[in-house]
Amino acid sequence: MFDDNELLKKGIVMTIAYAFVMSLTALAAKQAQTMIAVSTLVFWQSVFCTLILLPQMRGRWQKRPLSVWKIHFLRSFGGFIGFLFYYWSLNHIPLVEASLLRTCAPLCVPFVVLVLHKIRIPKARWLPLIIGFVGVAFVIHPTPNNLNPWHLVGFASAIGLALSMVTTRMLSQQVSGQETLFVYFLVSTLLSLPLTLLQGESLSVPMSVWPLVAVVAITLYVGMYLYNKAYTYAPASIVSPISYIGVVFSGFWGLVVWGHVPDIYAIIGMLLIFLSILISTRMAKNRG
């Protein structure tokens, strides 16, 4: 048996490993998308992960009420939109900025809860939210001469991720983690297929691109496994701020591979968003 300190250390290690692995996912995805459509990439990563999870579901299926299937679909749709918009933004803005905007998902969670559960945002939560959104504004820094709509697409990926986070928590008391992931990847497969065809894109992947697609799929599956393990070993108040180190990893890959150096606006925004997440998680820990 592990004591609390050992479990906490394992949770921290798992969180850092998750952040690093997901930065590899983004790195491979950004490179793959120069040769295949985003919807094609999402389709094949979903198919791969569905096939991995299928044997794990053997003997675990149970009859679920319609209410659970509705939450399953919302969670899957949120995850699908999150990855689709994230990958789209990677084609047009630096890796570190796309990753930074995606990590704003905790800022969007209170608004998703407001829409789904009609639970108003507590007054105490507004301070970190305002700080966080000021940070987002610094990253985007819209001016008449500098307005890149792909920053907004990157931020939309955070909204999708926030929806998946809220609904995953709703499902956690009713179904297993494997079932949640399996249904998500299956729905993602079914949604990306018609999207690819409607866009007039092909599902075929050149042989030279398959290694990148394989890296995306494998690291995505491993990353989600590590993410679930991290939350098993450590509380969200620890995991959430530490997972922000993924932005640092993404910044490193962006610098090494593409020579992208974050400007002063992105750096200030990065610090403000991290401060916002840190304050929010501390408040949640104190309430607990």
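Reader: What should I know before I start?

Author: This is a predicted model, where local features need pLDDT of at least 70, side-chain atom pairs count only at pLDDT 80 or more, and totals for chains, interfaces and linings use all residues. Residues are numbered from 1 along each chain as its sequence is written, and side-chain values use heavy atoms, with hydrogens and water left out.

Reader: How many helices and strands does the protein chain have?

Author: Helices (H or I, at least four residues) and strands (E, at least two) are DSSP runs, numbered from the N terminus. Here you get twelve helices and zero strands.

Reader: And how compact is the protein chain?

Author: For that we take the radius of gyration over C-alpha atoms and hold it against the globule rule, 2.2 Å times the number of residues to the power 0.38. The chain's radius of gyration is 19 Å, close to the 19 Å the rule gives for 288 residues, so it is as compact as a globular protein of that length. Its C-alpha atoms fill a box of roughly 50 × 45 × 40 Å along the principal axes.

Reader: What share of the residues is buried?

Author: Buried means under 20% relative accessible area, exposed over 50%, and partly exposed in between (1.4 Å probe, protein chains only). Of the 288 residues, 47% count as buried.

Reader: How do I read a pair of packed helices?

Author: Two packed helices are described by the angle between their axes and the distance between the axes. The axes are lines fitted to C-alpha atoms, for helices over the stretch in contact, and angles run from 0 to 180 degrees between N-to-C directions. Take H6 (residues 126-140) and H7 (residues 149-172): their axes come within 10 Å and cross at roughly 145 degrees.

Reader: Which residues of H6 and H7 meet?

Author: Contact means heavy atoms within 4.5 Å. From H6 come Phe133, Val136, Val139 and Ile140, and they meet His151, Leu152 and Phe155 of H7. Sorted by class, this contact has six nonpolar, one polar and no charged residues. (Ala, Val, Leu, Ile, Met, Phe, Trp, Tyr, Cys and Pro count as nonpolar, Asp, Glu, Lys and Arg as charged, and the others, Gly among them, as polar.)

Reader: Is Gln45 buried or exposed?

Author: Buried: Gln45 has 0% relative accessibility. Find it in helix H2 (residues 38-53). Leaving out residues up to four places away in sequence, Gln45 touches Phe83, Tyr87, Val216, Ala217 and Leu220.

Reader: Where is Phe48?

Author: Phe48 is in helix H2 too, but it is partly exposed, with a relative accessible area of 32%. Beyond its neighbours within four places, Phe48 is in contact with Ala217 and Ile218. Phe48 and Ala214 are 166 residues apart along the chain, yet their C-alpha atoms are separated by 8.4 Å.

Reader: What about loops: where is Val209 found?

Author: Look in the loop between helix H8 (177-198) and helix H9 (210-233). Val209 is buried, at a relative accessible area of 1%. Apart from neighbours within four places in sequence, Val209 is in contact with Ala32, Met35 and Ile36.

Reader: What is the phi of Lys118?

Author: Most residues other than glycine have a negative phi. Lys118 is not a glycine, yet its phi is positive, about 60 degrees. Lys118 lies in the loop between helix H5 (105-117) and H6, and at 63% relative accessibility it counts as exposed.
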